[in-house]
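Let's walk through this structure together, one chain at a time. Keep the picture beside you as you read.

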Amino acid sequence: MNLNIALLIALVLAAMWTVMTTKLLRSIVGLAITSAILTVLLFRLNSPLAAVFELSVCAGLIPAIFLSTISLARRLTPEALAIRQRERIRKFWLLPVIVILAGVCLTQIRHVPLDIFAGAPGESDVRKVLWQTRHLDLFGQIVILLGGAFGVVTLLKEAKKHD
Amino acid sequence: MIELFSIFAIGVVLTLIVGFYCILVTDNLIRALIGVEILAKGATLLLILAGYVTRQTALAQALAITMIIVEVAVIATAVGVVLCAFRHTGSIHASSLRNVKG
């Protein structure tokens, strides 16, 4: 249980560092670290397949997409960087306060609705669920992936035409 | 089980707060997408937690995998939109898109 608490604190801290750090590159590294911590938590909740997907896709592919995008950005001058840092502190000083206050308030809540634990144990093999019970989801996933791919191709093609 | 649920639920809520705050405060479109990613991480953890406490981890994993796929497609398309905006306006800030019409 203590390890779970430590991992959850690390998850929230990594997420906060991701959104509060000044440089985009550091944000993306923070996002990958957040995903890696979430992966460990998913493993601990008996969900190894979801954890593997989280690690390979969210900690690997998505940071790579972001990195390829920010490679287009210009490097900031030291003066601009200092201004940006001051701006970020002004915008984000409230976030740690809100997170700490919310954390303290939530730990005071003692009432947990017990009926949420009443679910009957279902199918335990994820492959059976994925390929038999929820096979229509796979069709949806294929359509969404194709939609995303065609969307990107169309957007970049349009941009070229305008250039 | 109740203690585990409570602890994880607090972690989920705090992660969602961080994601929402990022989206609300930032002007940078890439950072807004990073906020969306953090929100998605909170939602994934909540799905798996719900599956764990109701003893239906297989179903929860199937839904989490679907969500991760959707997340990738959304991020890829949104990054394409940001790239287009960057090519048109030379900036990745939402404030530079105020003259969009139509």
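The mean pLDDT of chain A is 84, and 93% of its residues reach 70 or more; pLDDT is the predictor's confidence in each residue, from 0 to 100. This is a predicted model, in which local features need pLDDT of at least 70, side-chain atom pairs count only at pLDDT 80 or more, and totals for chains, interfaces and linings use all residues. Residues are numbered from 1 along each chain as its sequence is written, while chains are lettered from A and ligands numbered from 1 in the order in which they are written. The model scores ipTM 0.91 and pTM 0.87.

Now for the shape of chain A. Chain A has seven helices and zero strands, where helices (H or I, at least four residues) and strands (E, at least two) are DSSP runs, numbered from the N terminus. The radius of gyration of chain A is 21 Å, well over the 15 Å that the globule rule gives for 163 residues, so chain A is more spread out than a compact globule. That radius is taken over C-alpha atoms, and the globule rule is 2.2 Å times the number of residues to the power 0.38. Along its principal axes, the C-alpha trace of chain A spans about 60 × 45 × 20 Å. Confidence in chain A is highest in helix 2 (residues 24–44), at a mean of 94, and lowest in helix 7 (residues 135–162), at 78.

Turn next to chain B. Its secondary structure comes to three helices and zero strands, and its average pLDDT is 88. Chain B has a radius of gyration of 17 Å, whereas a compact globule of 102 residues would have one near 13 Å. How many of the residues of chain B count as buried? Of the 102 residues, 53% do, while buried residues make up 23% of the 163 residues in chain A. A residue is buried if 20 or more other C-beta atoms lie within 10 Å of its own, exposed if 12 or fewer, and partly exposed in between, with C-beta atoms placed from the backbone.

How do the chains meet? In all, 57 residues of chain B are in contact with 67 residues of chain A, contact being C-beta atoms, placed from the backbone, that lie within 7 Å. On the side of chain B that touches chain A, helix 3 of chain B gives the most, with 25 residues.

Finally, look inside. The largest nonpolar core has 63 residues, and B:Val18, B:Ile48 and B:Leu49 touch the most other members. Such a core is a set of buried Ala, Val, Leu, Ile, Met, Phe, Trp, Tyr and Cys residues joined through C-beta atoms within 7 Å. Helix 3 of chain B gives the most to this core, with 15 residues. Domain 1 and domain 2 of chain A both give residues to this core, so the core lies between them. Which residues does B:Val18 touch, not counting residues up to four places away in sequence? Among them are A:Val12, A:Ala15, A:Met16 and B:Ile38.

Notes: Contact = placed C-beta atoms within 7 Å. Domains from an automatic or database assignment.
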